[in-house]
Every structure is written in structure tokens, then in C-alpha cells.
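Here is a short briefing on one predicted model. Look over the sequence and the fold, then read the notes below.

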Amino acid sequence: PIILGGLVHEKEFKLREIMKMMGLKTSVYWTVTYLFSLVLYLCATMLFQLIAIWLDFAFFIKNDYGVVFLLTFLYGNTMIAGAFLLSVFFDSSKTAIVFGYCA
């Protein structure tokens, strides 16, 4: 929901168009936005998994860390791609955030 809200916020206030007028290519914009969202997601995931291991959660202790990380990494990629897709259908960031939390 946060990624979706940020994308729609930039669209709502025409920030993408301003960046285009200043010379930013569309491919660079989407690449940087994707990588920024992925890094934020990976930091949150790593922190959550480290805390879960430190607190001896059975799921994280009994399963291979690499497999759990791979699954959460793939899940994060699909969430980011879904946010990119859904950002096309909203004009208001508040509506997008509400929809993101409800969906």
C-alpha cells in the first residue's frame, strides 16, 4: 500500500511530468523507483527475519534461511510489480492507499 500510494502521489501531483521536463528518461524513473522500493522491502524483511531468528521463532529455526529469504524476496517482487500495475487505475493517493490495505 505504501509503494502504491507513493506512485499515485507522484502521478497525482504531476511529479513524473516535471521530472520528464527536466530530462529524466521514463526507463530511468521506473528502474530507480523499482530498485528503491526493493531495497526498502529487503531492509524490512531482513530486520523482521533477524528479529524472528533472535526470538527463536520455530518457523525460522526449523527451515532453511535461504529458502525463506528467497520466498520473501519473490513475494516482495510481486508486490512491487502489483503496485506498479495498480497505480495506473487510481488518480488519488488516498484512494490508492485505502484500496491497497483492503485488497
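Which residues in helix 6 (residues 93-102) are buried? They are Ser 93, Ala 96 and Gly 100. Buried means under 20% relative accessible area, exposed over 50%, and partly exposed in between (1.4 Å probe, protein chains only). Helices are DSSP runs of H or I with at least four residues, numbered from the N terminus.

This is a predicted model, in which local features need pLDDT of at least 70 and side-chain atom pairs count only at pLDDT 80 or more, while totals for chains, interfaces and linings use all residues. Residues are numbered from 1 along each chain as its sequence is written, and side-chain values use heavy atoms, with hydrogens and water left out.

**Helix 6**

- Seen down the axis of helix 6, the buried residues fall within an arc of 60°, so they line one face of the helix. The arc is that of the directions from the helix axis to the C-beta atoms.
- These buried residues pack against helix 1. Contact means heavy atoms within 4.5 Å.
- Lys 94, Val 98, Tyr 101 and Cys 102 are exposed on the other side of helix 6.
- Ile 97 also lies in helix 6. Its relative accessibility is 31%, so Ile 97 counts as partly exposed.
- Ile 97 is in contact with Pro 1 and Gly 5, leaving aside neighbours within four places in sequence.
- The C-alpha atoms of Ile 97 and Leu 4 are separated by 6.7 Å, although the two are 93 residues apart along the chain.

**Nonpolar core**

- A nonpolar core is a set of buried Ala, Val, Leu, Ile, Met, Phe, Trp, Tyr and Cys residues joined through side-chain atoms within 4.5 Å.
- The largest one has eleven residues, among them Leu 4, Leu 42, Ile 80, Phe 84 and Ala 96.
- Helix 1 (2-12), helix 3 (26-54) and helix 5 (65-86) each supply at least two residues of this core.
- Leu 42 is in contact with Phe 69 and Phe 73, again leaving aside neighbours within four places in sequence.

**Ser 37**

- Ser 37 is found in helix 3. Its relative accessible area is 7%, so Ser 37 is buried.
- Not counting residues up to four places away in sequence, Ser 37 touches Ile 3 and Ile 80.

**Positive phi in loops**

- Lys 14 sits in the loop between helix 1 and helix 2 (15-21). Its phi is near 60°, a positive value in a residue other than glycine.
- Asp 56 is in the loop between helix 3 and helix 4 (58-62). Phi of Asp 56 is near 60°, also positive.
- Asp 56 counts as exposed, at 57% relative accessibility.
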